[in-house]
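Q: Please give me a close look at a single part of this model. I would like to know how that part is built, what it touches, and how the rest of the assembly compares as background.

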Amino acid sequence: MNLQSLYKRLLPYSFSAPALVLMFLFLIGPIIAVLFLSFTDWQLGESSFKLVGLQNYRTLFEDDLFLRSIGNTALYILMTVPTTLLLGLGFAMLILKSGRLRSFYQTVYFIPFMGTAVAMLIVWDFVLNPSLGVWALVAQWIGIEPINLLRNEMTALPVLAFISIWQNIGFAVVLFMAGLSGIPQEMYEAGELDGADDALSRFSLVTWPLVSHVTFFVLILLTVHSFQVFESVAVLTRGGPNDSTEVLTYTMYKEGFDFFRTNIASAITVIFLLGIGTFALVKAAWLEKKVHYQ
Amino acid sequence: MKIFSGIFRHLLLLTGSVFMLIPFVVMLSTSLKSQADIFSGTFSLLPGEWGATANYLQVFTKLPILDFMLNGVIVTTSIFLIQVIVALPCAYALAKFHFKGRKLLFNCVLWCLLIPPQAVAIPVFMELYSFGMLNSYAALIVPWTISVLGIFLMRQFFMAIPDDIIDAARMDGMGEVSILIRIMVPMALPALTAFGILSFIAHWNDFFWPLICLQDVKYFTPPLGIAYFKTDDSGISYGPLMAAACIITIPLLITFLAARKKFMQGVSIQAGVK
Amino acid sequence: MASITMENIGKSFGQTDVLKGINLNVHDGEFISLLGSSGCGKSTLLRIISGLERQSSGRLLIGDKDMDNVFPKNRSVSMVFQSYALYPHLTVFENMAVPLVMRKLTRLQRLPLVGRFIGGTSSVRQEMRDRIHHLAETLDIHTLLNRKPAQLSGGQRQRVALGRAMVREPEVFLMDEPLSNLDTKMRAHMRTELAEIHRNLGATFVYVTHDQEEAMTMSDRVALMIDGQILQVATPREIYRSPVHRKVAEFIGSPRINILPGIVTNPEIMEVCGIKCPAPKGLHGKCFIGIRPSRLIPSEQASGTWKARVTNVEDLGSSFLIHSTLAGEVRTISRMDSRSVIPQVGDKIYLKPQPDCAMFFDSEGWNHNLSSERPAQDIPVSALTFSEESHESAIAI
Ligand SMILES: Nc1ncnc2c1ncn2[C@@H]1O[C@H](COP(=O)(O)OP(=O)(O)OP(=O)(O)O)[C@@H](O)[C@H]1O
Ligand SMILES: [Mg+2]
């Protein structure tokens with residue numbers, strides 16, 4: 001074997017070896033492990049285990065709390081994603097034509113995304129405080145009794161969704177603005193010649209179709225993001241009141257790291273993965289497509 | 001008509017801006033108020049009675065908040081540095097070498113992009129437990145040293161660098177490592193910055209993982225630290241709590257404002273929009 | 001010193017054979033061009049000489065030394081790339097310094113900041129600076145040393161790339177279509193400049209191009225490559241006048257040579273597009289004759305000439321190109337002096353080949369007049385190299 005070609009042949013392997021090893025240790029291996037554990041009865045600290053087939057899954061689907069958790073997660077996604085998307089697109093369109101204040105607005109709308117998330121949640125907790133916060137003031141203005149929004153079964157989850165929307169609008173705005181500023185001015189002029197001279201027909205003829213790929217991707221990103229909601233529940237409501245904010249990741253966290261029922265937590269993880277999988281798959285396919293088109 | 005719609009546009013945008021900024025304003029103003037003022041029953045923007053000194057003093061004396069910040073810095077920079085050291089050579093190999101298994105490796109990277117961090121928490125926890133590494137800086141850093149997003153983004157950028165430049169560097173006498181450090185990295189600096197920003201945002205804000213793997217307050221990162229402060233003080237002293245929130249949020253916001261364009265670019269690069 | 005010897009070099013990428021047994025001797029100090037159409041393997045051969053790629057089979061010697069296991073940096077070879085391949089993040093000066101830094105300084109000395117304090121660094125650096133400044137002056141780029149490549153014009157980038165290749169004073173220069181990104185005027189200018197640089201340096205130049213004009217004007221010898229094989233290596237004059245193969249004749253010369261199909265009916269008599277003419281000895285069966293456009297010109301005579309119809313006339317200023325169709329199907333081109341009477345499109349003309357100028361190719365395309373020098377069939381085509389001046393075919397038609 002020639003020295004030079006040996007060197008050339010081995011080089012890429014040695015370059016990718018560290019990444020590959022770490023990928024196996026912290027991504028691929030763990031995923032396989034989770035899958036396996038979800039079919040066993042193993043719990044943290046035990047020395048032996050046996051295979052139990054689908055037992056864990058059966059337990060889960062007979063558990064009201066878990067079903068509630070799935071429902072809440074779905075509800076949360078439904079409340080956050082479309083709203084963030086539409087508000088993001090709307091504000092992006094407004095900001096794009098706002099002249100000199102454009103970068104000011106863009107920055108302001110992006111700031112919530114940049115604040116340390118947990119710190120901002122704690123601030124929201126104070127803002128929503130029924131006797132001390134801004135919420136008390138607002139309720140007084142509109143003349144209603146300031147209820148404790150985070151301690152109310154009906155309002156807790158919508159309030160968490162509301163905070164998430166506040167946090168992520170800026171993200172959507174930035175992505176939409178990147179997409180919108182990619183639309184050439186000629187397209188609007190061509191549209192105008194075709195008779196689209198009012199705002200609504202301009203939007204439906206030019207803006208919406210040309211920004212639809214961004215819309216689609218923002219939709220996927222937001223969905224994946226909302227699926228993973230954890231911090232706000234852990235910091236603000238701990239799943240309560242009355243399990244009304246119990247979501248998948250939080251249930252998984254409790255089972256895995258509070259009750260140490262590793263098998264059940266693993267089964268929840270697998271279900272979580274299945275749920276998020278389709279969206280993540282679309283996201284990865286999108287990114288890969290980007291590679292082919294570059 | 002035009003003027004009218006312009007006014008309407010700015011009216012809408014300003015309302016939105018107020019809504020976006022309210023929590024920050026409340027945070028700052030409350031951190032300046034005395035306990036009595038906060039509990040006076042009505043909320044006001046400007047402090048009626050100043051308590052700034054007391055609030056901030058209490059944060060610094062009761063809470064090792066500077067240690068939390070330092071932990072945050074240590075953890076995020078170590079994570080980023082190791083991520084770069086691991087991802088760059090791999091991205092270079094994927095972008096510029098033909099070798100058996102390259103496709104497979106790249107597919108692995110793409111599949112790993114699908115994995116949300118919560119999904120691997122249990123086994124990674126067990127791994128760290130069996131190495132006796134829980135409750136340490138290592139526990140915070142090691143699981144995140146592999147960033148498939150980093151590999152992916154850097155590979156994408158490296159692909160765009162012409163092969164001729166790499167060949168020229170070889171002719172000029174550079175080894176592959178030199179090429180990576182002296183040619184590829186400087187040329188891909190914008191992508192590296194964007195990736196750095198993404199990595200920083202993700203790990204500075206991370207709450208889930210530190211919550212799982214840490215017990216010792218000494219290793220707490222800012223999010224965990226402030227959450228700990230909240231439960232610890234049972235929510236009564238809002239002044240110091242808001243002061244703590246200010247302390248960990250404001251440096252970040254200043255950094256963001258200073259490099260606004262770069263941050264937004266970084267975020268849109270991740271989405272493949274830019 | 002730095003001759004290059006290639007012995008039966010082959011290269012395949014997976015299933016495809018890109019180079020099929022290349023044999024070529026490049027003499028020390030020679031300017032040789034590798035000429036061939038796109039995709040024929042010129043760059044691949046150049047990359048093998050440079051060490052960027054390794055041959056699948058065969059041997060490569062530079063200055064009598066086998067180059068196996070010799071990495072590019074250890075060969076006394078530099079390369080100029082078509083895209084110039086300048087480092088965009090470095091200034092012109094830094095670009096030119098890279099080859100020196102990588103060779104003259106140790107790993108330790110190269111370190112930023114620290115390296116400065118290691119013994120000898122500053123004197124070496126001073127020497128490098130002097131050399132670069134001197135070279136920049138001869139290349140007329142000394143005013144650009146602090147600019148980045150993006151701030152340079154194409155011609156200037158070209159010079160910087162040359163400077164980077166020259167700065168370490170290699171014995172061999174490899175150039176891969178270095179002028180193809182320049183405009184016509186700049187290209188002509190750089191051509192003379194390159195030739196001058198070659199004369200001054202006395203180094204060996206291997207120059208890849210698909211532009212025959214470049215190859216013919218600058219080189220001592222031209223190696224014509226087709227499909228991964230070298231068909232002929234000869235001086236520009238010889239390769240034009242005595243191509244060994246029909247493909248060589250077709251490649252060299254602009255406009256393209258006229259190829260007319262013929263058939264030898266009786267010994268020494270052949271029929272070409274309806275005209276009988278004498279055939280050289282030994283030629284039989286199907287064959288082709290080749291006539292350069294400047295030698296196939298209209299005449300008054302009707303006998304012994306081809307009847308043709310003019311399909312297009314191109315005015316090149318100093319001359320005219322007459323496109324015509326002969327015997328209804330064969331297209332020909334004639335080059336006429338602008339002072340002669342120029343036929344119009346649609347005219348019927350008689351085409352008469354000038355005496356002494358036809359080349360005869362046998363049914364496989366080999367030049368019949370050179371067939372005595374042709375080796376047996378099973379030897380690879382590329383083994384053919386003709387160095388002696390061969391005789392022109394002298395036949396009157
Ligand atoms: N790394 C590679 N893998 C597979 N095939 C290759 C590779 N490099 C070159 N080839 C193939 O080898 C053939 C010769 O390529 P080469 O670049 O040497 O051509 P060339 O003569 O320089 O052409 P051009 O004038 O267009 O530069 C081409 O068909 C090309 O597709
Ligand atoms: Mg080429």
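A: A residue is called buried when its relative accessible area is under 20%, exposed when that area is over 50%, and partly exposed in between, using a 1.4 Å probe and protein chains only. By this rule, 51% of the 397 residues of chain C count as buried. The model is predicted, so local features need pLDDT of at least 70 and side-chain atom pairs count only at pLDDT 80 or more, while totals for chains, interfaces and linings use all residues. Residues are numbered from 1 along each chain as its sequence is written, chains are lettered from A and ligands numbered from 1 in the order in which they are written, and side-chain values use heavy atoms, with hydrogens and water left out.

Chain C is the part to look at. The C-alpha trace of chain C spans about 90 × 45 × 35 Å along its principal axes. Chain C holds nine helices and 20 strands; helices (H or I, at least four residues) and strands (E, at least two) are DSSP runs, numbered from the N terminus. The domain assignment divides chain C into domain 1 (4–239) and domain 2 (246–396), with bounds that come from an automatic or database assignment. Taken over C-alpha atoms, the centres of domain 1 and domain 2 of chain C are 38 Å apart. Contact means heavy atoms within 4.5 Å. Among the contacts in chain C with a separation of 6 or more, 66% are between residues 24 or more positions apart.

N258(C) is buried because its relative accessible area is 3%. Neighbours within four places in sequence aside, N258(C) is in contact with several residues, among them I289(C), G290(C), R292(C) and I333(C). A polar atom of the N258(C) side chain lies 2.8 Å from the backbone nitrogen of I333(C).

Two backbone details in chain C also deserve a look. Most residues other than glycine have a negative phi, and most peptide bonds are trans. The peptide bond from S254(C) to P255(C) is cis, with omega near -5°. P255(C) sits in the loop between helix 9 (246–251) and strand 11 of chain C. D140(C), a residue other than glycine, has a positive phi, near 65°. D140(C) is in the loop between helix 4 (121–138) and helix 5 (154–166) of chain C, and D140(C) counts as exposed because its relative accessibility is 52%.

Next comes the meeting of chain C with chain A. This contact takes 10 residues from chain C and six residues from chain A. The two chains bury about 610 Å² between them, with carbon and sulfur atoms giving 46% of it; buried area is the accessible area (1.4 Å probe) that two parts lose on being put together, summed over both. R54(C), N69(C) and F71(C) supply 74% of the area that chain C buries against chain A, more than any other three residues. The side of chain C that touches chain A has four nonpolar, two polar and four charged residues. In this classing, Ala, Val, Leu, Ile, Met, Phe, Trp, Tyr, Cys and Pro are nonpolar, Asp, Glu, Lys and Arg are charged, and the others, Gly among them, are polar.

Between chain C and chain A there are zero salt bridges, a salt bridge being a side-chain nitrogen of Lys or Arg within 4 Å of a carboxyl oxygen of Asp or Glu. There is one residue pair in polar contact, both at pLDDT 80 or more. A polar contact is a pair of N or O atoms within 3.5 Å; within protein, one must be able to donate a hydrogen and the other to accept it, and residues adjacent in sequence count only if both atoms are side-chain atoms.

L3(A) lies in helix 1 (residues 3–37) of chain A and, at 49% relative accessibility, counts as partly exposed.

As background, chain B also touches chain A. Here 92 residues of chain B are in contact with 95 residues of chain A. The area buried between chain B and chain A is about 8,700 Å², of which carbon and sulfur atoms give 80%. The count of salt bridges between chain B and chain A is zero, and 13 residue pairs are in polar contact across that interface, both residues at pLDDT 80 or more. The side of chain B that touches chain A divides into 70 nonpolar, 14 polar and eight charged residues.
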